[in-house]
Amino acid sequence: MSTETTTAGWSRESCLQADERDPLAAFRDEFVLPPGVIYLDGNSLGVLPVGARERADAVITREWGTDLIRSWNTNRWFEMPVRLGEKIGRLIGGGDGACAVTDTTSVNIFKALSAAVRIQAAADPARRVIVAERDNFPTDLYVIQGLVSSLHGYDIRLIDDRDGLAAALTDDVAVTLLSHVNYRTGARWDMPAVTAQIHAAGSLVVWDLCHSVGAVPLDVDGSGADFAVGCTYKYLNGGPGSPAFIWSAARHLAGMTGPLTGWWGHRDPFAMAVEFAPAPDARRLLVGTQPIISMATMEVGLDIALRVDAAALREKSIALSTLFIDLVAQRLGDHPLTLVTPADPDARGSHVSYRHPEGYAVMQALIDRGVIGDYREPEVLRFGLTPLYLRHVDVWDAVEHLRRVLDDELWRDPQYARRGAVT
Ligand SMILES: *Cc1c(COP(=O)(O)O)cnc(C)c1O
């Protein structure tokens, strides 16, 4: 590894010194980090918390294996979606509203948008447009398309960039769906200001927090948000496919019914009534039986996140992303890498992305060297800088590996052009 010092004064040694001063350094020991790997993909699939193995064993061996169906009561399985939802509510600054851990983000987007559309239809039936970002994560767009096709007279209106929002917010807009942090570019909306802008135009707003929760300080109550959804397998380290969450502002909960009315959302599911009657509280955000094992192991990562000081987390996240951007600029300036993430730290989340004409092969060559990031069309290399378990020295080493891949054109090896089903 290089021992040089950059023009901004960074060296491997100074990165190690920054790690010694890091107030969050001890959190690294709470995760299983495979040797020889620098993991820069915690924004796509978080790592395994040490405690999750033990929790998985307990929920499988004792709660399922021995206690069996009694566990719904004795091990409080039945309360889990709402009990964990309260924890997420605290994490996102949404303690005044109602939150449940349940389903997938895609399904929760459908539930939140449907509720918003119904609330608006009762107040002003002329509002029949759903505004969204063209470069949002595709599932968000697909869910809107599905919802619009099942309604009558509704339309989707896509904005091409941030400046397009104001013009899109005409008096026919029912609801606006935005990702707080963009999955590809890492660009972050100013949630309180944009929520106010959307409300001023008479629209409700659903915030997708997939790339924010666990990485960026959030205050959905204070921001005046209407609904929020997000996943737990990214920065919350909940495990592959761990259930997502849905949050509703207190003022909307009463209007939040259907169309996915399942028995877990019923006021008294075990009355086995013929007619649906929604639960008065966060239970109405549920549909059916929940994945208890996955939820149990997810709680371990969530509990870690709740112990972290949000300001310190954000400070380290910005330090790491700034370091990455500076090192690439100073040490890889000759290569065709274009930063697509905002240079202003206030305008980004916790990942950094670059375009490179051979982005896919470059990422495969990098992964082969133990630096795991990912690739998103078109040509985008994505590096997740999770402040809970990454060190400054990991950023230094990752950029050095990237330098080798590019300087020595290691990406030209034909094996790096082959594509798997998941990029
Ligand atoms: C990761 C992600 C999702 C994932 O949705 P699932 O239904 O959990 O697969 C949705 N939206 C955004 C913005 C994401 O980043």
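## Polar contacts and the pair Thr-195 and Trp-207

A polar contact is a pair of N or O atoms within 3.5 Å; inside a protein, one of the two must be able to donate a hydrogen and the other to accept it. In this structure, which is a predicted model, the side chains of Thr-195 and Trp-207 are joined by such a contact, at 2.9 Å.

Thr-195 belongs to helix α8, which covers residues 191-200. Is Thr-195 buried or exposed? A residue counts as buried when its relative accessible area is under 20%. Thr-195 has a relative accessibility of 1% and is therefore buried.

## The ligand and its surroundings

The ligand sits in the largest pocket. Two elements each give two or more residues to the shell around the ligand, namely α5 (105-123) and α6. In total, 13 residues surround the ligand, and the closest are Ser-106, Asp-140, His-211, Tyr-233 and Lys-234. Sorted by class, the shell consists of 7 polar, 3 nonpolar and 3 charged residues.

Which atoms of the ligand lie 2.9 Å, 3.1 Å and 2.6 Å from side-chain atoms of the protein? A nitrogen atom of the ligand is 2.9 Å from an N or O atom in the side chain of Asp-140. An oxygen atom of the ligand lies 3.1 Å from a polar side-chain atom of His-211. For Lys-234, a polar side-chain atom is 2.6 Å from an oxygen atom of the ligand. On its own, the ligand has 390 Å² of accessible area, and the protein covers 87% of this area.

## Thr-139 in helix α6

Helix α6, one of the elements that contribute to the shell around the ligand, spans residues 138-150 and contains Thr-139. The relative accessible area of Thr-139 is 18%, so this residue is buried.

How far apart are Thr-139 and Arg-267 in sequence and in space? They are separated by 128 residues along the sequence and by 31 Å in space, taken from C-alpha to C-alpha.

## Arg-62 in helix α2

Arg-62 is found in helix α2, made up of residues 50-64. Arg-62 is partly exposed because its relative accessible area is 42%.

A second pair of positions involves this arginine. Arg-62 and Glu-379 are 317 residues apart in sequence, and the distance between their C-alpha atoms is 47 Å.

Methods. Residues are numbered from 1 along each chain as its sequence is written. This is a predicted model: local features need pLDDT of at least 70, side-chain atom pairs count only at pLDDT 80 or more; totals for chains, interfaces and linings use all residues. Side-chain values use heavy atoms; hydrogens and water are left out. Helices (H or I, at least four residues) and strands (E, at least two) are DSSP runs, numbered from the N terminus. Buried means under 20% relative accessible area, exposed over 50%, partly exposed in between (1.4 Å probe, protein chains only). A residue is near a molecule or strand if one of its heavy atoms lies within 4 Å of it. Accessible areas come from the Shrake-Rupley method with a 1.4 Å probe; for residues, only the protein chains shown count as cover. On a 1 Å grid over the protein atoms alone, a cavity is a set of points where a 1.4 Å probe fits but cannot get out, and a pocket is an open set with protein on both sides within 12 Å along at least five of seven lines; lining residues have an atom within 4 Å of a point. A molecule sits in a cavity or pocket if more than half of its atoms lie within 2 Å of its grid points. Ala, Val, Leu, Ile, Met, Phe, Trp, Tyr, Cys and Pro count as nonpolar, Asp, Glu, Lys and Arg as charged, and the others, Gly among them, as polar.
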